[in-house]
Amino acid sequence: MSKRVAVFFYGSFMRPEVMAQAGFVPDTVQVAQLHGHDICLDPHANVFPSPMHSVYGIVVRISHAELDRMYGSQGIGSFLPEAVLVTLADGRWLPAMCYMPPSRNNQPADQAYLARLVEAAELRGLPRDYILRLQSYAR
């Protein structure tokens, strides 16, 4: 079995069918919070440093080969891994990797993508106020 690392997903990869398309089915999925960052949809989900905010998502354990397949898929775009600390639902801190874009795109939110992101956030049980914040990107 390949070594698995903790990774924080906050966008499309929270959706089970998107993970499955890359051949990945997580053993466990944990809701987590990334402090000191905010999310924008420009046109898809990106996170960036912001001391007054936090982003919710999920943590999974995944191999580097699986990550290469997921982030190497056509249409994913450019994301770079960064080391972060997330807080799990039970209050424990966990070191994880988080893939972030090298820059923001400053484009309007893709509304179809936003609808799928909100659906994934609801499926994963992210906090209601965070889901409302995502919905604020709707036109």
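At the start of helix 3, the backbone nitrogen of Ala112 has a side-chain oxygen of Asp110 within 3.1 Å. This is a predicted model, where local features need pLDDT of at least 70, side-chain atom pairs count only at 80 or more, and totals for chains, interfaces and linings use all residues. Residues are numbered from 1 along each chain as its sequence is written, and side-chain values use heavy atoms, leaving out hydrogens and water.

**Exercise 1.** Work out which residues of helix 3 are buried, and how they are arranged.

*Solution.* 
- Step 1: Find the helix (a DSSP run of H or I, at least four residues; strands are E, at least two). Helix 3 covers residues 111-124.
- Step 2: Pick out the buried ones (under 20% relative accessible area; exposed is over 50%). They're Tyr113, Leu114, Leu117, Val118, Ala120, Ala121 and Arg124.
- Step 3: Look down the axis of helix 3: its buried residues fall within an arc of 160 degrees (taken from the directions from axis to C-beta atoms), so they line one face.
- Step 4: Check the face turned away from that buried side: Glu119 and Leu123 are exposed there.
- Step 5: Step past the end of helix 3 and you meet Gly125, with a positive phi near 75 degrees.

**Exercise 2.** Find the strands that pair with strand 5, and in which sense.

*Solution.* 
- Step 1: Locate strand 5, residues 93-100; 6 of its 8 residues are buried.
- Step 2: Look for pairing (at least two DSSP bridges). Strand 1 (residues 4-9) runs parallel to strand 5 over 2 bridges, and Val7 has Met97 as its bridge partner.
- Step 3: Strand 4 (residues 80-88) pairs antiparallel with strand 5 over 8 bridges; here Val86 stands opposite Leu94.
- Step 4: Follow the hairpin of strands 4 and 5: 4 residues lie between them, and Gly91 in the turn has a positive phi of about 95 degrees.

Methods. Expected span 1.5 Å × (residues − 1). Buried < 20%, exposed > 50% of the residue type's maximum accessible area, 1.4 Å probe, protein only. Polar contact = N/O pair within 3.5 Å; in protein donor to acceptor, adjacent residues only side chain to side chain.
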